[in-house]
Amino acid sequence: MDALNQALAGIPVIGIVWQAVGYLVAAATNPTISGQVLFFATPLILGAMCGIMNERSGVVNIGIEGMMLMAAFFGFLGAGIAAQIMPSDPGPIFGITIPLLIGVLVAILIGMAVSVLHAWLAITIRANQIISGTIINIFAGGLTGYLHALIITPNPGLGGAIFASWQPPADLLNVPVLGWAVNILFAHGPIAITSLIVVVILQILLFRSRWGLRTRAVGEHPKAAETVGINVIRVRYRNVILGGIFAGLAGAFLTLESQGHFQLQLTAGRGFIALAAVIVGRWTPVGAFAAAILFAATDALRIAIGIAPPTGELGTVFQIIPAQFYQALPYIVTIIVLAGVVGRSTPPAADGQPYERESAT
Amino acid sequence: MTDPAPALEMRGITKRYPGVLANDGIDLDLRHGEIHALLGENGAGKSTLMNILYGLAVPDSGDILLDGEPVTIKGPADAIARGISMVHQHFMLVPVLTVAENILLGEETMANAVFLDRAEAHRRIVELGRRFGFEIDPEAKVGSLSVGWQQRVEILKALYREARILVLDEPTAVLTPQETTEIFDVLRRLARDGHSIIFISHKLYEVLAIADRITVIRRGRVVGTRLPSQTDEDDLAELMVGREVNLVVDRGESHPAQPELRIEGLSITDDRGRIVVKNLDLEVRAGEILGIAGVAGNGQDELVAAITGLRRPAEGRVLLSDRDITGWGPRELTDAGVGSVPGDRQRYGLVLSFSIEDNLVLTSYYRPPFASGLVRNDEAIEQWAEESIRAYDIRTPAADVMAGTLSGGNQQKVIVAREFSGQPRLLVLDQPTRGLDVGSIEFIHRQAIAKRDAGAAILLVSAELDEVMELSDRIAVMYRGEIVAIRDGRSADREEIGLLMATGGREPLEAVTTTMSVVE
Amino acid sequence: MSSAAPVPTGPPTTTRWRGGLGAFLATAKVPLGAVVLAFAFGSVLIWLSSLVTNHQLDLTLPLKAYGAMLEGAGITLDPAAAVNGLVNTLVQSGPLVLGGLAVGVGFKAGLFNIGAQGQFLMGAVAGAGTGAAVASWPGPIAILAALVAGALAGGAWGFIPGILKARTGAHEVVTTIMLNTIAATFIGYLVSGPLLAPGFSFDRTGDIGNAALPILFGTRNLHLGVFVAFAAVPLIWWLLWRSTLGFEIRTVGANPDAARYAGMRPGLITVFTMSLCGLLAGLAGAIEIIGITHFVNASYGTSVGFDSITVALLGQAHPVGIMLAALLFGGMRAGSGLMQIRTQIPVEIVDILQAVVLLFIAADVIVRRVFRIRRAGPKVDEIETVSRSYGAGTTL
């Protein structure tokens, strides 16, 4: 087997491809690196769920980025201020502290609040939804920048605590495939795990529950839904605001689970990658999850190459590629995948079209 | 013994919208088990009245009584709860959802607090279908069904909610004569079963065929209620329009000359790769109007697209005055003398946010005198716009207002002014009078005939069989992408045309079964 | 700017005053009102901020702050300070004019060009690199070379999302945002690699020598590029309303189906327009470098790209409106330094004010109610994006 491997690797051009494949496989099965994938994917997954809640109801949401940023900032601020006031000894599970929980709560509430604004602009005011989403992004950037300069810069000691991961018992870890899965699952905090659960729940509910049926109808043909007595406006408002919960969680993850401080423009385009994941995943939770994993994997590749750069001819090829390329890789991959898939991916038919009520009530 | 109260009574319904009195003191009553037709032309107020019944609008004054009891209907959910169901002219079906999902929507059969009970729903739907004479597959995606079957799904939606009163708005607008007969059968069964039906239509002969009573509405008021035995088409038409109507425009003799448009062996595939036009041959001569009759969806759209340069045919040729124009783009065709009035005027024919002037030069803005090179010549455009507005009687306060502010008829006149000017060799008219008022329809028909007499070749595609029969010198029937028959316009038999439209002249009547036909 | 359905209600609006100027003036009240309300909101924010940081409420603080801002922007009685401030305003406005046009022209074609940021960056680094390479050439030629390089680089960066949109339907909002980040990392690579100039204590491009734009009228920083930027305004206006090409651009933006029917090629127009937008933004970037900073460092960043979006929206995507909006924001930025010195309010408040202005534009009902502005009838030059959603469904 090993001899075959060497032989294949030795063929002039194709050999490089084979080496690359081998390298990727090794990276994928390395729990540290594949764990990173879930780590990078969590905000994407949650952002995508927010996107799906919005878009399946017929509301385009470009403002996921801004929602995440606001949630990240205010969650961080909330946790930091709470930590000044109350005790913060890490609990046994996931290192939970009260300030952290408060931070998450604040983040969720902010996510919902910004969603209320987006819903109001999109549904009641019937503004162009792409423009209103952009406004939210600009507003989020401006407000967090201003408040950051005002409050955080003068107080560098603020914040710092994050959710810890939970170490499962060692025997469980040694079970062949399951152990790998368990390791990844629990190597990160509760928000990461929540994101996976949310995907499953949303997928089931969207296609099997009354809520899901009504949501899909409202997003495809709101007039038809209205004529059977469904309140299109209320369904849309509710779903957009609920979607804000996921954006809030995504923001909370960024400052309360993945790292313990806030930087300007922390979200770095993740909200848009999440949107791309929704499109590539054909507006289904499971599809978006898969796309998010793909995009996150390109990010993880950067880490893999940093930790264990490839050797041999593959290594020489990789030497030529500048480090900045890997930084840009997730964004490049997003464009390529999007361009390849989008022609075949149909959004909900009424997506982006403001709805005008006709009924008497 | 007194008669039981009517199932529905609407008394003195009045509704005003900005600028128009849609309903003016309308009285209507509907007996149990009756099929009551509501007749009126576009804009007469029928839809407003039914919207009020269905809770989609609130009357300014008037009462509604159900079984003798006064009620206030607060919205569609309320109407449905009271047993009133509406089958809309434009289907209120979600194409990507299944038959069952569409029927369940809003009236979901639940297994528990959260999840739907699909099995139970399926059972009930199939049973309901059988009761009224058809086999339905609840799992089929509505978007893949033929129009006739979508109609049945709409009716099932109403029945699933145990509607006692059904309102059908122009139900036969998109059906073949054969499908219409089948639906009428279903309606009669429903009436026998005790359901009460309001049947809205502007098709005189259908109304005479199906209704127990006919109420005619004109300009928001009831102008008469008749029994079918007491009236005929001319009488009803006169009631509808208010004056003696020439149901047939005098089109005079045509003097066709050489063939302008020749289509040879044309085959076209649609976006999904299916063949929708098969080896089609057709000829339109200068100085004649050739009308294509056919149920929507038999390839007419793709044929028109191919002739007007918006779609490439897979095989075959299109010739204009013996020049091969196959695959030419819209601009080249315009330059070669082809004018086209598109079926969806607001989407393809106009830019509603542009001025009338800009719309009038939409297909000629790049040519002298309207432009020299890159630079536009505004004076020339203004002048020409003024002439066109006068010549085509376009009602507008000024030439530079937005096209979107014009009425439907005037919008169509803008398109006609644009396409008919400049001595086109060939005119392709796709649904040229859809949704227009009688005055505009007459005007456009007259313009078309005038162009024919001036020597243009005119290809008319219309879903309104009346229009095709009225205008065409020759009638071609299109079925499943082929021309299956050509008849002389004067001597054509309506029944025969309708049959050809439905069956292509090949299958015997009995072969048209009542099981689900999915458009494959 | 609530999006009206295509069939508007109300009295017919004239499109007279060719060039959309009439329509623009008719709709200018709302943006104006939005600005006023935004400044009012800013006052509240200033009060709250002073409460938080200084634990006191100075009611006159907003007045002092805005006053300082106005003074810094050149609106003051002292002639020397006024000239200084005005010059600063013009210099700050220049790139915003071009950037605003880069976004605004896109709007006219129904495209949402959020990529002005990335296109600007590419133009900047191209201008810097080319400038360094031609530093010893004769002045005018060197300048021209740098500007052309910047325009081409920006144009290429606009071409990519344009062709992707035309060929695959990939929505430009997502692709351009991705390209913004890619541009930033690309600059990092270029500046630390091929364009690295030796002899400096940090990574940066080389000295541009003769490619630097001349400073005019003896001022400290009024460079030629400002005039180039403002000259673009009438040029773009002419393009959009007097040329057949502009008619096609606007038609594709208003109704791409009708455009196809009319024999236009929406795909081609999309590619052309996005490239033109990129060109304008790239030009702005190159001008910024050879006019002011004279080099690019590895982490070069700027807010011009996003400010341009605000400028375009505030200016209702009309060249004259964009120019006025650019002057407004340029003035705000020019004056914010003095404001921070005098009142300790962080300059980031300008970002917030921008965003709030946008908020009020989107929720124009609020502005209308406060200032009792009636709907002037159907708006003619409505800002719409062609595809309200993504992917399949666009008929290019």
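View 1. Chain B splits into domain 1 (8–241) and domain 2 (259–337 + 423–511), with bounds that come from an automatic or database domain assignment. Between the centres of domain 1 of chain B and domain 2 of chain B, taken over C-alpha atoms, there are 33 Å. Please keep in mind that this is a predicted model, where local features need pLDDT of at least 70, side-chain atom pairs count only at pLDDT 80 or more, and totals for chains, interfaces and linings use all residues. Residues are numbered from 1 along each chain as its sequence is written, while chains are lettered from A and ligands numbered from 1 in the order in which they are written.

**View 2. Where chain C touches chain A.** Here 49 residues of chain C meet 47 residues of chain A; two residues are in contact if their C-beta atoms, placed from the backbone, lie within 7 Å. On the side of chain C that touches chain A, the elements giving two or more residues are α2 (29–54), α6 (139–168), α7 (172–192), α12 (304–314) and α14 (349–362) of chain C. Helices are DSSP runs (H or I, at least four residues), numbered from the N terminus. The most comes from α7(C), with eleven residues.

**View 3. The largest nonpolar core.** This core has 318 residues, and those with the most contacts inside it are Ala277(A), Ala292(A), Leu280(C) and Ala286(C). Such a core joins buried Ala, Val, Leu, Ile, Met, Phe, Trp, Tyr and Cys residues through C-beta atoms within 7 Å, buried meaning that 20 or more other C-beta atoms lie within 10 Å of a residue's own. Helix α11 (residues 266–293) of chain C supplies the largest share, 15 residues.

Definitions and conventions. Buried ≥ 20, exposed ≤ 12 C-beta atoms within 10 Å, placed from the backbone.
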